[in-house]
Amino acid sequence: MQKVVTPASSYAHLVNGHDRMAGYVVRAADVSFATTPAQLFEVHGLGYPGSPFRPTDDHVDLLRFESSPQLQYRDVPGYIVPLWWLRHSRIPPRTELVRVYSDGSSRLLAWYGDVGTGWTSAPGIPGQPGLSSLSRCVGPVAKWHSAYLEADVLDDDTVVLALANPPLAETGFDQSPSGRWYRHVARTEVSELFELDLTARWNGLAVRVVDQWQDAQRYVVARISHLGDDMDRAERLHLQQVEAGVYEAVVYAAELTDLQTNQVVPVTWAPGPTTTSQRSYGAPYQHHAHY
């Protein structure tokens, strides 16, 4: 899959280690003919109101990634190539951040290993990306040794677990260059594997809660990302337009209504043989297996 990222988002990935994405995506194979910023401007529809892009840009940055079971898409019919809208998600393992230049050349800027290692700058790119905070609101969560940890599924047999701080009781965790602690475990050691799907309404707008924390006054606040079904309302409510089709805001959690929490368990995340039962919950959007 391929997604154009705004200059602000590219900076956040490359400098701050931002590990989220949302918005319109295409299959890389469907747009392989687009090898310059001008061509990418046309095929990705970057001329939307308020766009930071111009056909004359010297370069455009892209995320290229394999689609993952937890990524939830909505089909967008009637576009010149097959197009999907991806709701706010954690970036899947092995994602690349690539810069495409006006002469048709391209350069790898960084790659995202997984939730355990985060982003790593490519050779020749100065500095190393920072590290974003772990959040159980977005991305896979695994139950391992009776504890729930942020995780990524690397393949059919391997899950990586992540911790922000050194483990107190467990051994076998390594510290990545980004500072996060991680451990690879067999899928059979994980008794539960799911993604939390926390949805709500804010002033009538359907949203996903993608982060929660306490502010300086100890009030619980939430970052919300709209679910793509009412962009006019999102604009009337003055949510920040992160990019085309992506509107987000930070609000007080007490302002949220119709709060619902589900566990999304894609078929390929079936429980390991060490468990006896687990319920799979239907996700609100279709799961596609595009690359």
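What follows is a short chat about a predicted model of one protein chain.

Me: What secondary structure does the protein chain have?
Reply: Three helices and 19 strands.

Me: And how does the radius of gyration sit against the globule rule?
Reply: The radius of gyration is 19 Å, close to the 19 Å the rule gives for 291 residues, so the chain is as compact as a globular protein of that length.

Me: What box do the C-alpha atoms fill?
Reply: Roughly 55 × 45 × 40 Å, along the principal axes.

Me: How many of the contacts join residues at least 24 apart?
Reply: 63%, counting contacts between residues at least 6 apart in sequence.

Me: Surface next. What does the accessible area come to?
Reply: About 13900 Å², with 51% of it belonging to carbon and sulfur atoms. Buried residues make up 49% of the 291 residues.

Me: How far apart are the mean positions of the positive and negative charges?
Reply: They are 3 Å apart, for 23 positive and 32 negative charges.

Me: Switching to His44. Where does it lie?
Reply: His44 is in the loop between α2 (37-43) and β3 (59-64).

Me: Is His44 buried or exposed, and why?
Reply: Buried, because its relative accessibility is 12%, and the cut-off for buried is under 20%.

Me: Which residues does it touch, leaving out those up to four places away in sequence?
Reply: His44 touches Gln2, Lys3, Val4, Val26, Val31 and Tyr79.

Me: Which side chain makes a polar contact with the His44 side chain?
Reply: That of Gln2, at 3.1 Å.

Definitions and conventions. Residues numbered from 1 in each chain as written. Predicted model: local features only at pLDDT ≥ 70, side-chain atom pairs only at ≥ 80, totals over all residues. Heavy atoms only, no water. Helix = DSSP H or I, 4+ residues; strand = E, 2+ residues; numbered from the N terminus. Rg over C-alpha atoms; globule rule 2.2 N^0.38 Å. Buried < 20%, exposed > 50% of the residue type's maximum accessible area, 1.4 Å probe, protein only. Contact = heavy atoms within 4.5 Å. Areas by Shrake-Rupley, 256 points an atom, 1.4 Å probe, with all protein chains shown as cover. Lys, Arg positive; Asp, Glu negative; His and termini not counted. Charge placed at Lys NZ, Arg CZ, Asp CG, Glu CD. Polar contact = N/O pair within 3.5 Å; in protein donor to acceptor, adjacent residues only side chain to side chain.
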